[in-house]
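Here is a brief report on one protein chain. Please look over the sequence and the structure, then read on.

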Amino acid sequence: MTNAKRPIDFHDHRFVRVTKSVIADETYLDKPVQKLVYAVLCFHADNTSKKSHPSVQTIADKCRCSTNTVRAALRRLKELELIDVKERKNGNGQTSNEYTLWEPPDWFVAGGTSKNDNSPLQDVK
C-alpha cells in the first residue's frame, strides 16, 4: 500500500477563509504575526456573525508567540479597522474578549491612506 501524494480536496477537509486583502497587504501589516493573528481569528470566527471568543493565550498558542505579541497585533488590527474587540465580563471579572471581523476599509484594500485627514494611519503607511 503506497501513500501517494494528491492535491487537497476542499470538499473533504474543513478549511479557513482569510480575507485576501489582509494576506496580500504589503503596506499596513508590517509583522507576519499580525496576519497570523488575523488568520487565527478567522479560524475561530462564526461563519454567520464573524465573531469569535478565543483567549489571548489560545491565540498565542496557535501563533507560537507571546501574549504580549498577540496583544500588540490585536491593537494593530483594531487600529486598521479590520477587527473590533469587545471586553466580556462574567461574575468573576473579565473573560475572553469578543472579536468581530470587519470588511476591510476601501483605503486598506487599495493600499492607500484613510479618507480621514486626522487618521493616525496617515503617518503609518
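## Contacts of Glu98

Apart from residues up to four places away in sequence, Glu98 touches Lys51, Ser52, His53, Asp84, Val85, Lys86 and Arg88. Contact here means heavy atoms within 4.5 Å. The side chain of Glu98 also makes a polar contact with the side chain of His53, at 3.2 Å. A polar contact is a pair of N or O atoms within 3.5 Å; within protein, one must be able to donate a hydrogen and the other to accept it, and residues adjacent in sequence count only if both atoms are side-chain atoms.

Glu98 lies in strand β5, residues 98–101. Glu98 counts as buried because its relative accessibility is 15%. Buried means under 20% relative accessible area, exposed means over 50%, and partly exposed is in between (1.4 Å probe, protein chains only).

## About the model

This is a predicted model: local features need pLDDT of at least 70, side-chain atom pairs count only at pLDDT 80 or more, and totals for chains, interfaces and linings use all residues. Residues are numbered from 1 along each chain as its sequence is written, and side-chain values use heavy atoms, with hydrogens and water left out.

## The chain as a whole

The chain has 5 helices and 5 strands. Along the sequence they follow the pattern α-α-β-α-α-β-β-β-β-α. Helices (H or I, at least four residues) and strands (E, at least two) are DSSP runs, numbered from the N terminus.

Of the 125 residues in the chain, 34% are buried. Take the contacts between residues at least 6 apart in sequence: 51% of them join residues at least 24 apart.

Ala110 belongs to helix α5, residues 106–110. Ala110 counts as exposed, at 66% relative accessibility. The C-alpha atoms of Ala110 and Asp25 are separated by 9.3 Å, though these residues are 85 apart along the chain.

## The largest pocket

The largest pocket has a volume of about 460 Å³. It is lined by 17 residues, and those closest to its centre are Arg17, Cys42, Asn47, Lys50 and Leu101. On a 1 Å grid over the protein atoms alone, a pocket is an open set of points with protein on both sides within 12 Å along at least five of seven lines; lining residues have an atom within 4 Å of a point. Grid points are joined across faces, edges and corners, and the volume is the space filled by probe spheres set on the points.

Helix α2, residues 32–44, gives the most to this lining, with 3 residues. The lining divides into 10 nonpolar, 2 polar and 5 charged residues. Ala, Val, Leu, Ile, Met, Phe, Trp, Tyr, Cys and Pro count as nonpolar; Asp, Glu, Lys and Arg count as charged; the others, Gly among them, count as polar.

## Cysteines

How many disulfides are there? The count is 0, where a disulfide is a pair of cysteine sulfur atoms within 2.5 Å. Cys63 is in no disulfide, and the nearest cysteine sulfur, that of Cys65, is 4.9 Å away. That is too far for a bond. Cys63 is buried, at 8% relative accessible area, while Cys65 is partly exposed, at 23%.

## Positive phi angles

Most residues other than glycine have a negative phi. Lys50 has a positive phi, near 65°. Lys50 sits in the loop between α2 and β1 (51–52) and is partly exposed, at 35% relative accessible area.

Arg64 has a positive phi too, of about 60°, although it is not a glycine. The place of Arg64 is the loop between α3 (56–63) and α4 (67–79). Arg64 is exposed, with a relative accessible area of 77%.

Notes
On a 1 Å grid over the protein atoms alone, a cavity is a set of points where a 1.4 Å probe fits but cannot get out, and a pocket is an open set with protein on both sides within 12 Å along at least five of seven lines; lining residues have an atom within 4 Å of a point.
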